[in-house]
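Please read it alongside the sequence and the coordinates.

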Amino acid sequence: MRDVRAALRRVLADLSARRRDPAVVQTVRSTAAATISYVVALQLSSEPAPLTAPLTALLVVQVTLYSTLTTGIRRVNSVVVGVVIAIAFSALVGLTWWSLGLIILASLVVGRFVRVDEFVPEVAISAMLVLGVTQVTDTAWDRVLETLIGAIVGLTFNTVLAPPVWVGSAGDSIEDLARRMRRLMLGMGEELTTPTPVARAAARLHEARRLDNDVADVDAALRQAEDSLRLNPRVKEQEGVLHRIVLRTGLDTLEICAVVLRVLARTLTDLAKERKDTGLFPEDLALALEDLLARIADTLVSFAVLVSTHVSADADAAEERLAGELRAARAVRDHAADLLLRAVQSDPSQWQLYGALLTEVDRILDELDLDHRGRRLMEELDRHSRERAERRPRLSALRDRLGV
């Protein structure tokens with residue numbers, strides 16, 4: 001009985017997680033909007049199967065309200081422009097191979113000028129579909145009507161039923177990136193105490209280079225979160241701005257650390273080439289560096305947790321934990337620096353690589369420093385305030401007077 005309850009809890013937890021998954025939410029919302037738009041179009045359009053309406057709704061509805069609004073306007077614009085071009089051509093010529101080519105050319109050119117962005121092909125598609133029917137005028141205006149129905153239903157659907165905020169998903173992605181970096185640093189540290197083949201060190205270097213792909217994935221998740229905060233009635237404007245800046249600056253810091261980590265892996269690879277038959281460092285220094293990399297790895301995860309934490313009490317606890325880990329890491333760093341200095345004094349042949357190693361460690365610790373992060377956040381907030389004031393000077397002045 002206890003096993004059955006545990007299995008049931010796991011199933012419910014899995015369903016709850018899937019309910020918050022962006023792909024699941026997008027599927028459900030798009031299906032509902034397309035179905036509703038088709039039912040509405042059946043009542044208003046003279047076409048027996050007004051499939052343009054659900055097609056438009058399906059393409060208009062996006063995960064975030066901001067994307068829905070911007071996408072809907074561009075899509076309606078592209079379809080209407082295509083229909084107008086088709087009406088103009090139908091009044092002069094019928095459907096032939098040369099008229100088809102000409103209308104495609106004209107539609108793609110005009111689509112660039114009306115700035116429909118990624119929907120430029122939709123202008124040509126709409127023009128071709130309308131030109132290919134017999135009763136051009138009636139069908140053309142039915143297509144415009146169906147397009148408007150689909151776009152309005154899609155926009156209304158996401159306006160009334162506001163999409164969720166994806167800040168949590170972006171925070172999880174940032175934490176996952178930090179944990180991948182942690183695993184890489186732990187692996188690099190474990191190899192310092194034994195002779196390291198060049199091939200193994202090079203494999204670590206390639207793994208560090210692949211972090212660029214992970215950063216790009218997190219950046220995509222963060223852009224989705226930023227869009228979900230824009231124009232969302234669930235989120236106050238200042239709160240949304242703060243969330244965006246905190247997450248964006250956090251990702252920027254981890255990206256810098258990933259670059260430094262790649263340089264660190266390159267330094268160890270170069271050192272492995274110089275010392276093929278012996279350990280990379282003397283035993284006491286290797287142990288100190290292994291401890292240092294492990295502590296920095298844990299600090300990276302604590303930094304990511306702090307970035308993704310928004311509750312005040314939890315944020316304070318995360319900040320205290322990060323501060324403690326930074327102090328411990330710097331203490332180990334100072335000990336390792338003393339041992340590195342002794343190693344250089346006894347064998348100065350690799351002093352450049354030893355110095356580079358210490359410099360790279362210092363750079364990561366500096367990026368994770370709380371004072372450095374505080375200054376960066378204030379700079380970004382000031383920059384955002386200046387840009388907003390430049391874009392909307394009257395509105396900003398009114399807000400300042402009202403204290404909003």
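How many helices and strands does the secondary structure of the chain come to? The chain has 16 helices and zero strands, where helices (H or I, at least four residues) and strands (E, at least two) are DSSP runs numbered from the N terminus.

## Basis of the model

This is a predicted model, in which local features need pLDDT of at least 70 and side-chain atom pairs count only at pLDDT 80 or more, while totals for chains, interfaces and linings use all residues. Residues are numbered from 1 along each chain as its sequence is written, and side-chain values use heavy atoms, with hydrogens and water left out.

## Fold and burial

Of the 404 residues of the chain, 43% count as buried, a term that means under 20% relative accessible area, with exposed meaning over 50% and partly exposed in between (1.4 Å probe, protein chains only). Among contacts (heavy atoms within 4.5 Å) between residues at least 6 apart in sequence, 79% join residues at least 24 apart.

Ser-30, in helix H2 (residues 22-44), is buried, with a relative accessible area of 6%; leaving aside neighbours within four places in sequence, Ser-30 is in contact with Leu-58 and Val-61.

## Surface

The accessible surface of the chain, computed by the Shrake-Rupley method with a 1.4 Å probe, comes to about 21,400 Å², of which 58% belongs to carbon and sulfur atoms. Patches are made of residues with over 30% relative accessible area and no salt bridge, like charges being joined within 9 Å and nonpolar side chains (Val, Leu, Ile, Met, Phe, Trp, Tyr) within 5 Å.

A nonpolar patch of about 750 Å² is made by Trp-97, Trp-98, Leu-102, Leu-105, Val-109 and Phe-113; Trp-98 lies in helix H5 (residues 97-113) and is partly exposed at 42% relative accessibility. A negative patch is formed by Asp-314, Asp-316, Glu-319 and Glu-320, and Asp-316, in helix H13 (residues 312-346), is partly exposed at 44%.

## Salt bridges

The structure holds 17 salt bridges, each a side-chain nitrogen of Lys or Arg within 4 Å of a carboxyl oxygen of Asp or Glu. Asp-298 pairs in this way with Arg-182, the closest N and O atoms being 2.7 Å apart; the pair links distant parts of the chain, with Asp-298 in helix H12 (residues 283-308) and Arg-182 in helix H8 (residues 167-190), 116 residues apart.

Arg-295 forms a salt bridge with Asp-291 at 3.2 Å between the closest N and O atoms, and both residues lie in helix H12, four residues apart, about one turn of the helix.

How values were computed. Lys and Arg count as positive and Asp and Glu as negative; His and the chain ends are not counted. The place of a charge is taken as NZ of Lys, CZ of Arg, CG of Asp or CD of Glu.
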